[in-house]
Each structure stands twice: as C-alpha cells, then as structure tokens.
Amino acid sequence: MVWFRDGQPVPNPEFRARREDAGSYTCAVKGQETVRSDPVVVDVQYAPVNVRVEVSPPGSLAEGSSVNLTCSSEANPAVDNYTWYRRTGPPRSSSLVGSGQVLSLASLDPSQTGHYLCQASNSLGEDNSTLVELEIAGVGISVLVVLTLIMVLIWCW
C-alpha cells in the first residue's frame, strides 16, 4: 500500500496529525500507483499560533498622529476574537484597550505610551503576541528637537 498527500508520496503513513499534515489523501496498491482510491480530506484543527502585531506606520510616533496595530495568526478554525491589552506597570498588570483585528489609535498623546499585545482566540484555545512598545513623543520634545536642529544649522553656517 502506498499513500499520497496532495499527489505526493507520504514517506511515513503512520503519524500523529499536525497542522502541516492537512491535505487530500489517496492510496494505491504498490506497483499500481496510477490507480488510486477516492480522495479523503484531512482537516487538522488547532488553536492560534504565531500571533504577531504589525505597526503602521512603523517608527517613532508624534503626539497628535495616528497608528494602526494589526494582529494576525495561523489557526484552524480561523480566529474568531482578537483582544488588545496595554501594559504600563508591573508585568501582570494590563488593561483592555480594544477588540478586533485592527486597533486604531488616533490623536495620540503621551499617556498612550506603553506595551501593547494582542490575544487571538478560536474555539480550540488562545495565544498572545509578544509585547509591542509604543512611545509617543510629546509636542514639547518635538519642538525642542526642532529648535536644537535650527541652532546647530545656524551655528554651522
């Protein structure tokens, strides 16, 4: 007996299913591989893994600007709930700041500085992203940097 997954021979037909084992399986009698059985689809389900956050736009954030944090992961069934938290104090101290795949923060101010994380969940479980640090520079700091640059340019000229 020879097994095939998505048309390719399966080297070890005895296995404990993992997510990469999902696919369409057929079998054939060894030596007669051109005559195959009807396919059977194996659907491997699992809780969210590889939860990650993308920050857009990337880089430093100025007071008054806006930013989108987008959460993504791999899961089967698909993620049905994204929850956003912000940590500003001790490691286990966090506050709920939103839900949905995208957290949009508009008119940023320094009080929104902190570490953000996304929790992705489906019917089989949940997982968290790593912490993403957002640091919002206040207008006072921005003005000071601009004034310093102007002074340096005048001095060099």
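Modeller: A residue counts as buried under 20% relative accessible area, as exposed over 50%, and as partly exposed in between. Please bear in mind that this is a predicted model.

Colleague: Is D21 buried or exposed by that rule?

Modeller: D21 is buried, because its relative accessibility is 8%, and the limit for buried is under 20%.

Colleague: Which residue forms a salt bridge with D21?

Modeller: The partner of D21 is R5, and the closest N and O atoms are 3.8 Å apart. R5 belongs to strand 1 (residues 2-5), whereas D21 sits in the loop between strand 2 (8-9) and strand 3 (23-28), so the pair ties together parts 16 residues apart in sequence. R5 itself counts as partly exposed, at 28% relative accessibility.

Colleague: How many salt bridges does the count come to?

Modeller: The count comes to 3 salt bridges. One of them joins the side chains of R18 and E20, at 2.7 Å from N to O. E20 counts as partly exposed, with 45% relative accessibility.

Colleague: And what does R19 pair with?

Modeller: R19 forms a salt bridge with E74, where the closest N and O atoms are 3.6 Å apart. R19 lies in the loop between strand 2 and strand 3 and E74 lies in strand 7, so this pair ties together parts that are 55 residues apart in sequence. R19 is partly exposed at 34%, and E74 is partly exposed at 30%.

Colleague: Changing topic: which residues touch the most other members of the largest nonpolar core?

Modeller: They are V67, L69, L105 and L134, in a core of 18 residues. At least two core residues come from each of strand 5 (46-56), strand 7 (67-76), strand 8 (81-87), strand 10 (102-105), strand 11 (114-122) and strand 13 (132-134).

Colleague: What does L69 touch, leaving out residues up to four places away in sequence?

Modeller: L69 then touches V53, E54, V55, W84, Q101, V102, L103, Y116 and L134.

Colleague: Now the chain as a whole: what does its secondary structure come to?

Modeller: The protein chain has 1 helix and 14 strands. Among its contacts with a separation of 6 or more, 54% join residues 24 or more positions apart.

Colleague: And what share of the residues counts as buried?

Modeller: Of the 157 residues in the protein chain, 26% count as buried. The accessible surface of the chain is about 10,500 Å², with 56% of that area belonging to carbon and sulfur atoms.

Key:
Residues are numbered from 1 along each chain as its sequence is written. This is a predicted model: local features need pLDDT of at least 70, side-chain atom pairs count only at pLDDT 80 or more; totals for chains, interfaces and linings use all residues. Side-chain values use heavy atoms; hydrogens and water are left out. A nonpolar core is a set of buried Ala, Val, Leu, Ile, Met, Phe, Trp, Tyr and Cys residues joined through side-chain atoms within 4.5 Å. Buried means under 20% relative accessible area, exposed over 50%, partly exposed in between (1.4 Å probe, protein chains only). Helices (H or I, at least four residues) and strands (E, at least two) are DSSP runs, numbered from the N terminus. Contact means heavy atoms within 4.5 Å. A salt bridge is a side-chain nitrogen of Lys or Arg within 4 Å of a carboxyl oxygen of Asp or Glu. Accessible areas come from the Shrake-Rupley method with a 1.4 Å probe; for residues, only the protein chains shown count as cover.
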